[in-house]
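Subject: A structure for you to look at

Hello,

I am passing a structure on to you, and you will find it just below. Once you have had a first look, read on for my notes on what turned up in it.

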Amino acid sequence: MKFLSTFTLFSALLLSGCAHQISLNPDNKNLNSANETSTAIVGYYISDEDLKKQVKTPGGGGDNVSYKPYKDTESALYTTLSNKFNNVFKLESLTDKKFLKDNNIKYVFVPKITTNSSSDSLFTWPPTSFTFTLNCDTLNEEGVSIKVIEVTGEGKAEFEEFKNDFSLSAKRATEEAFNMLVTELDKSKL
């Protein structure tokens with residue numbers, strides 16, 4: 001009987017796998033500045049629900065990795081917007097028109113993030129490939145969507161590279177996506 005319950009527990013652990021915590025936050029020093037800066041004052045809004053969101057995607061060896069995409073990359077979003085615009089505010093609400101007016105906020109960015117990861121390794125769990133898609137809806141002072149920018153960064157890392165940083169492929173993907181975002185902001189003439 002004891003053997004049966006140990007076997008059942010072991011089987012359950014194998015089937016459920018485990019999720020290793022990684023971080024998506026790139027090194028903000030590697031984020032590009034805009035070619036042309038704007039005098040506009042802008043804001044960004046991330047809901048409390050999104051900030052708490054925990055995502056699980058595949059790693060190597062049958063394991064998963066887990067992370068908080070909005071919380072992990074909020075500082076990268078702030079830095080990217082600051083590299084383009086005169087001043088950046090974090091908004092607590094999308095409906096606080098007084099705050100927008102009092103601070104002369106011209107545009108509000110609302111990010112949506114989707115991610116995926118994979119690994120070609122049967123023996124190590126960090127992902128060797130990571131994809132980070134950032135969809136940024138731009139609202140005007142009236143709360144009307146005036147532009148949607150979508151960029152996708154891809155990061156790769158091999159064992160020799162990630163043995164000191166298990167999050168490396170994810171960080172490379174987010175860094176590429178935010179650098180693509182500043183390029184698209186330059187093109188948009190916002």
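**The sheet**

Strand 2 and strand 5 run parallel and are joined by 6 bridges. Helices (H or I, at least four residues) and strands (E, at least two) are DSSP runs, numbered from the N terminus, and two strands pair if DSSP finds at least two bridges between them. Before going further, please note that this is a predicted model, in which local features need pLDDT of at least 70 and side-chain atom pairs count only at pLDDT 80 or more, while totals for chains, interfaces and linings use all residues. Residues are numbered from 1 along each chain as its sequence is written, and side-chain values use heavy atoms, with hydrogens and water left out.

Within the pairing of those strands, Y45 has L91 of strand 5 as its bridge partner.

**Inside the fold**

How much of strand 2 is buried? The count is 7 of its 8 residues, so strand 2 is largely enclosed by the rest of the structure. Buried means under 20% relative accessible area, exposed over 50%, and partly exposed in between (1.4 Å probe, protein chains only).

The largest nonpolar core has 34 residues, and F109, F132 and L181 touch the most other members. Such a core is a set of buried Ala, Val, Leu, Ile, Met, Phe, Trp, Tyr and Cys residues joined through side-chain atoms within 4.5 Å. Helix 6 gives this core its largest share, 6 residues. Beyond its neighbours within four places in sequence, L181 contacts L77, T80, L134, C136, I149 and V151. Another core, of 8 residues, lies apart from the largest one and has I41, Y45, L91 and L139 among its members.

**Aromatic pairs**

The whole structure holds 6 aromatic pairs. Rings of Phe, Tyr and Trp (its six-membered ring) pair if their centres lie within 6.5 Å; planes under 30 degrees apart count as stacked, over 60 as edge-to-face and the rest as tilted. One of the pairs is Y67 with F130: the centres are 5.5 Å apart and the planes at 65 degrees, so this pair is edge-to-face. It links distant parts of the chain, 63 residues apart, with Y67 in strand 4 (residues 64-67) and F130 in strand 7 (residues 129-139). Y67 is buried at 0% relative accessibility, as is F130 at 1%.

**Confidence**

The mean pLDDT of the protein chain is 90, with 91% of its residues at 70 or more; pLDDT is the predictor's confidence in each residue, from 0 to 100. Over residues 1-16, pLDDT stays under 50, and the model has 0 contacts there beyond four places in sequence.

Best wishes

Terms used
Contact means heavy atoms within 4.5 Å.
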